[in-house]
Amino acid sequence: MPATSGRGHTHRAASEDEASEAAALATLHVIARLWRDDVRTDSGCTIQWAPSPERDPAPEVEHHFMTATVFTIGYEARDASGLISDLAAAGVAVLVDVRELPLSRRRGFSKTALRAAVEDAGMAYVHERAVGNPKPFRDAWKAGDTATGAAGYVAHLHNGSKANVDALARRVAEGGVCLMCVENDPSECHRSLLVDALRERLDGLQVEHL
Ligand SMILES: [Zn+2]
């Protein structure tokens, strides 16, 4: 049997000596998987796999079926103590800071101070720069070109930060995670698009904007 790994694009052709009906079938299986990728890809830049007993294990994106809740929060309309009390009231265990730059002129919202306050309240703080919105897309968004800003950020999630989104999805699946950014309205913030990327990985994911 030729080795297959990942989603199948690195299969090794069987040598002539090893050629057998089983090897031919395995190769067809790989081709079928690649073909299915094409069919399933709607954005041209991401591929999702649902678990299936007849396919190989270790899909490129693990697809979970679960009912965890991910919280999101924006701090612009809160002070630091209000943020902490809202997180605690919701039962948040891990605050994931999704700002690209975890800095603020507002007291208590830069990374060091925020981490200290969150940890003092018995929660964990994690800064995930890789899922922040890079400045060019943030600037486009702020300038009113939300289509360019959103498309750029989604591409960023699907390409350079894909492994980080996968890791974040695993963390979210454990429950108690809150994504934090600036904007009070999640529809004005890249975290809504990040939630969409998490939903692609976590079927049934509940979302609660605090
Ligand atoms: Zn934001």
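Me: Which residues does Leu198 touch, not counting residues up to four places away in sequence?
Reply: Leu198 touches Val70, Leu168, Ala169, Val172 and Leu205. A contact here is a pair of C-beta atoms, placed from the backbone, within 7 Å. This is a predicted model: local features need pLDDT of at least 70, side-chain atom pairs count only at pLDDT 80 or more, and totals for chains, interfaces and linings use all residues. Residues are numbered from 1 along each chain as its sequence is written.

Me: ok, and which members of the largest nonpolar core touch the most other members?
Reply: Val70, Val96, Cys178, Leu179, Met180, Leu194 and Leu198, out of 36 residues in that core. A nonpolar core is a set of buried Ala, Val, Leu, Ile, Met, Phe, Trp, Tyr and Cys residues joined through C-beta atoms within 7 Å. Buried is 20 or more other C-beta atoms within 10 Å of the residue's own, exposed is 12 or fewer, and partly exposed is in between.

Me: How much of the protein counts as buried?
Reply: 25% of its 210 residues.

Me: Switching topic. How many helices and strands?
Reply: Seven helices and seven strands, taken as DSSP runs numbered from the N terminus (helices H or I, at least four residues; strands E, at least two). Along the sequence the pattern is α-β-β-α-β-α-β-α-α-α-β-α-β-β.

Me: At what angle do helix 4 and helix 5 pack?
Reply: About 155°, with the axes 7 Å apart; helix 4 is residues 135–142 and helix 5 is residues 146–158. Axes are lines fitted to C-alpha atoms over the stretch in contact, and angles run from 0 to 180 degrees between N-to-C directions. Helix 4 and helix 5 are therefore roughly antiparallel. The classes are under 35 degrees for roughly parallel, over 145 for roughly antiparallel, 65 to 115 for roughly perpendicular, and oblique for the rest.

Me: Which residues meet there?
Reply: Pro136, Phe137, Arg138, Ala140 and Trp141 of helix 4 meet Thr146, Thr148, Gly149, Gly152, Tyr153 and His156 of helix 5. The contact divides into five nonpolar, five polar and one charged. Nonpolar is Ala, Val, Leu, Ile, Met, Phe, Trp, Tyr, Cys and Pro; charged is Asp, Glu, Lys and Arg; the others, Gly among them, are polar.

Me: And how far apart are the axes of helix 5 and helix 7?
Reply: 10 Å, at an angle of about 40°, with helix 7 at residues 191–201. That makes helix 5 oblique to helix 7. Ala150, Tyr153, Val154 and Leu157 of helix 5 and Leu193, Leu194 and Ala197 of helix 7 make the contact. Those residues divide into seven nonpolar, no polar and no charged.

Definitions and conventions. Two residues are in contact if their C-beta atoms, placed from the backbone, lie within 7 Å.
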